[in-house]
Amino acid sequence: MRTVVIQETGAVVLSRETLEESHISAGTELVVVAHAGQILLLDREQIRRRVEEIGQQMQEVLRTSLAREGKDAVFAGLSLDEYLALSEEEDNALWDRLFKEAAQELKIREQDIPAGFVPARQKRR
Amino acid sequence: MNRIFLPASCLLDKSVVREALRGLVYETLGRTLPPRQVTSLAVMRMLIAYGQLLYITPELWHLLERPAHLPVARPFLPYLRKLQSGRYLKRRSRRLTEESFSREDAFILSYASFGFDEIEETVGVEMVLTNDLRMQARYARGFPRITARFTRMTRQLRAPYREAALPEVVSAEELWTQLAL
């Protein structure tokens, strides 16, 4: 772990070792994520690639899922064609009904939260 | 450099999950996605890529994990976490229905303050992500009154409920504007 001091101008100079360890080189475009007490610098291109990977993984799982379970009943008993043919209003109404059913089946049972738990915004990873 | 606003924890409402699921089916089949589905799917992926926590309510989780819904829901489940129901969730929800929120919206907003994550040991979330612009507008309009009632309620409670916080309510479109690379 190293420390740096922010200059009057707001500039931060990162050491060569830091850049080597992060595999981030001079000229790389970074995304700055700032929260109270925290600044993260992320390689914009790596984030883009990660988004693409996640997209491909999701598509692959869906393809496998549809291939394994068939296209006759993909959602709420609807075939793939029927599901895709739903209008915005029909899809909305279907989900309203399904959600209501799920909420009725699943009775809310409140639990005590241990005293040491903190609000999510206080605990950043 | 690009500076972005990034919530570390986000509760997805039903509308965002619905649009994202349908969007993935369209995308995988090579069809053109309607705009809201593009946005919901893209925002979810972006938040996952940044390593942020995406939560849904137990009711929505129960809906997605039903065998009849799994073929379409399966690609998303590994990326989602289920919030648990903390004490005072129902009381909070009743207060919000008095503010003219629907029962469903009141519960979403209550989970955002009194839901908890056993793994992270946290209470609530920073942001509710929605496509329901009416709910978002109602929350924004009533925010001073909602805050006042929330403060009156929580200051009488013991820890950790006393530290519970109100979430920001943001539309998928707004967050996408912030996150788009």
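1. In strand E7 of chain B, Thr122(B) is the bridge partner of Val118(A); E3(A) and E7(B), residues 122-123, pair in the parallel sense over 2 bridges. Two strands count as paired if DSSP finds at least two bridges between them, while strands (E, at least two residues) and helices (H or I, at least four) are DSSP runs numbered from the N terminus.

2. This is a predicted model, in which local features need pLDDT of at least 70 and side-chain atom pairs count only at pLDDT 80 or more, whereas totals for chains, interfaces and linings use all residues. Residues are numbered from 1 along each chain as its sequence is written, and chains are lettered from A and ligands numbered from 1 in the order in which they are written.

3. Turning to the contact between the chains, 51 residues of chain B are in contact (C-beta atoms, placed from the backbone, within 7 Å) with 50 residues of chain A. The largest share of the side of chain B that touches chain A, 7 residues, comes from H1(B).

4. Within chain A, strand E1 (residues 30-35) and strand E2 (residues 38-43) pair in the antiparallel sense over 6 bridges, and Leu40(A) in E2(A) is the bridge partner of Val33(A). The hairpin of these two strands has 2 residues between them, and Gly37(A) takes a positive phi near 75° there.

5. Because 10 of its 12 residues are buried, H6(B) is largely enclosed by the rest of the structure; a residue is buried if 20 or more other C-beta atoms, placed from the backbone, lie within 10 Å of its own. What covers these buried residues includes, among others, helix H5 (89-98) and helix H7 (133-141) of chain B.

6. The largest nonpolar core has 65 residues, and among the members that touch the most others are Val43(B), Tyr55(B) and Leu129(B); such a core is a set of buried Ala, Val, Leu, Ile, Met, Phe, Trp, Tyr and Cys residues joined through C-beta atoms within 7 Å.

Notes. Two residues are in contact if their C-beta atoms, placed from the backbone, lie within 7 Å.
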